[in-house]
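Dear colleague,

I am handing over the structure we spoke about, with some notes on what was found in it.

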Amino acid sequence: MPHITLPVDVPGIRGPLTFRPETAQHLLGLAETLLRQPASLEPGERETIAAWTSHLNGCRFCTKSHAAAARAWLGPERSKALDRLLEHGDLGGQTAKMRALLEISRALQANVLGVTPELVAAARAAGAGDQDIHDAVLITAAFCMYNRYVEGLGTREAAEADYEPMGRRLRDHGYAGR
């Protein structure tokens, strides 16, 4: 049950965004920039980092919605690796670069000082550039905030059947126009 009065028909982050539309435009704009605008990582890879961070934080709505968006971008074969990551913490199906970036994400999610020179060196050795490392850190930091926003207000989850269409909508229409 939400901790404040939120629309009953609007699950997850959409409820608080509806409650405060003046903040929504900025939060959605950040998500649009981080997850969809041109960058060195593909949108599906960036959505994977968002889903992974959300999973580590225990935010089920964000895990499921961003995993669905990642699947919509990645396609069926690469989605299997995402599912193994979220179900078992198995990084094995990811590219070396993504494994290194997901380790950075795990370290930062666990501890604000968790990103070490060794993790950055491993990411660089796996082919990550400055923008990849920057974006992995910023996506992780942003999703720690988004997850706390969703869970801190006690929002409700969407129906299970709603996540896959939600992921396709995010892929096709983005965040800023929601």
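Which are the buried residues of helix 4? In this predicted model, they are Phe61, Cys62, Thr63, Ser65, His66, Ala67, Ala68, Ala69, Ala70, Ala72 and Leu74, so that the helix is mostly covered, with 11 of its 15 residues buried. The cover over these buried residues includes helix 2 (21-35), helix 3 (43-57) and helix 5 (76-88), as well as helix 8 (130-152) and helix 9 (163-173).

Helix 4 itself runs over residues 60-74 and reaches 20 Å from its first C-alpha to its last, which is close to the 21 Å expected at 1.5 Å a residue. Just after the helix comes Gly75, which takes a positive phi of about 85 degrees.

The other part to look at is the pair formed by helix 6 and helix 7. The axes of helix 6 (residues 96-110) and helix 7 (residues 117-125) come within 8 Å and cross at roughly 160 degrees, and because of that angle helix 6 is roughly antiparallel to helix 7, the cut-off for this being over 145 degrees. The crossing of the two helices is left-handed.

In the contact between them, Ala100, Leu101, Glu103, Ile104 and Ala107 of helix 6 meet Leu119, Val120, Ala122 and Ala123 of helix 7. Sorted by kind, the residues of this contact are eight nonpolar and one charged, with no polar residue.

With best regards

Notes:
Residues numbered from 1 in each chain as written. Predicted model: local features only at pLDDT ≥ 70, side-chain atom pairs only at ≥ 80, totals over all residues. Heavy atoms only, no water. Helix = DSSP H or I, 4+ residues; strand = E, 2+ residues; numbered from the N terminus. Expected span 1.5 Å × (residues − 1). Buried < 20%, exposed > 50% of the residue type's maximum accessible area, 1.4 Å probe, protein only. Contact = heavy atoms within 4.5 Å. Axes fitted to C-alpha atoms, helices over the stretch in contact; angles between N-to-C directions. Parallel < 35°, antiparallel > 145°, perpendicular 65-115°, else oblique. Left-handed = near helix turned anticlockwise from the far one by under 90°. Nonpolar A, V, L, I, M, F, W, Y, C, P; charged D, E, K, R; others polar.
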